[in-house]
Amino acid sequence: MKTVFVTVGTTSFDELIESITSPETVQALTALGYERLVLQVGRGSLVPAADSSPHVTLEAYRFKDSIAEDIEQADLVISHAGAGSCLESLGAGKSLLVVVNDKLMNNHQLEMARQLHMDSHLLYCTCSTLTETLRTMDLSVLQPFLPGQPKNFAHFLDKALGVQ
């Protein structure tokens, strides 16, 4: 069963959960062949019920000790732009669509997502452009993020955060 895993990490990002479960977005996902949607909702106030999206199998939870298994089982990961979530997904070799929370002040997450996108490791959007991004995305353009290069990642973070 073709699966999308959505993670917000330890944060609260209800806007992403609302966007991903909207009828328009679910329709875009099913048009791409996805049948299962697993949501890690963190501290948010929204925990969708399993029967809230009739066109996909939906599972939602707040936290687990590890999301590695959910990432491994996913065909597509949709994540907030947290460094840990991004690195874990990219390290697992998964196609990654990052949804930047544009409501955050001094948003370093946008800078990180933009740089990883420029390096062809992920696609990114905001909640307001999520459905259209899903409709038009081409995952074949993504390049693997090679693990085991901590110096390169440290340099990348310095560059993305303007700490050079």
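I started at Leu 76 and listed its contacts (heavy atoms within 4.5 Å), leaving aside neighbours within four places in sequence: Thr 3, Val 4, Phe 5, Tyr 34, Ser 95, Leu 96, Leu 97, Leu 134, Met 137 and Leu 139. This is a predicted model, where local features need pLDDT of at least 70, side-chain atom pairs count only at pLDDT 80 or more, and totals for chains, interfaces and linings use all residues. Residues are numbered from 1 along each chain as its sequence is written, and side-chain values use heavy atoms, with hydrogens and water left out.

**Entry 1: β4**

I placed Leu 76 in strand β4, residues 76-79. For the elements I used DSSP runs numbered from the N terminus: helices are H or I with at least four residues, strands are E with at least two. Leu 76 counts as buried because its relative accessibility is 0%. My classes are buried under 20% relative accessible area, exposed over 50%, and partly exposed in between, with a 1.4 Å probe and protein chains only.

I checked both faces of β4 and found them covered. Leu 76 and Ile 78 are buried on one side, Val 77 and Ser 79 on the other.

**Entry 2: strand pairing**

I looked up the partners of β4, where a pair needs at least two DSSP bridges between the strands. β1 and β4 run parallel and are joined by four bridges. Phe 5 has Val 77 as its bridge partner in β4. β4 and β5 also run parallel, again with four bridges. Here Val 77 has Leu 96 as its bridge partner in β5.

I then followed the chain from β4 through helix α4 (residues 83-91) to β5 and found a right-handed β-α-β unit. Right-handed means that, with the strands pointing away from the viewer, the path from the first strand over the helix to the second runs clockwise.

**Entry 3: Ala 81**

Ala 81 sits in the loop between β4 and α4. Ala 81 counts as buried because its relative accessibility is 1%. Beyond four places in sequence, I found Ala 81 in contact with Cys 86, Val 98, Val 99, Val 100, Gln 109 and Met 112.

**Entry 4: cores**

I searched for nonpolar cores, meaning sets of buried Ala, Val, Leu, Ile, Met, Phe, Trp, Tyr and Cys residues joined through side-chain atoms within 4.5 Å. The largest has 27 residues, and Val 6, Leu 16, Leu 37, Ile 78 and Leu 134 have the most contacts inside it. Elements giving two or more residues to this core include β1 (3-7), β4, β5 (95-100) and α6 (130-136). Apart from it lies another core of 21 residues, among them Phe 5, Val 77, Cys 86 and Val 98.

**Entry 5: cysteines**

I counted disulfides, taken as cysteine sulfur pairs within 2.5 Å, and got zero. Cys 125 counts as buried because its relative accessibility is 4%. Cys 127 is buried too, with a relative accessible area of 10%.
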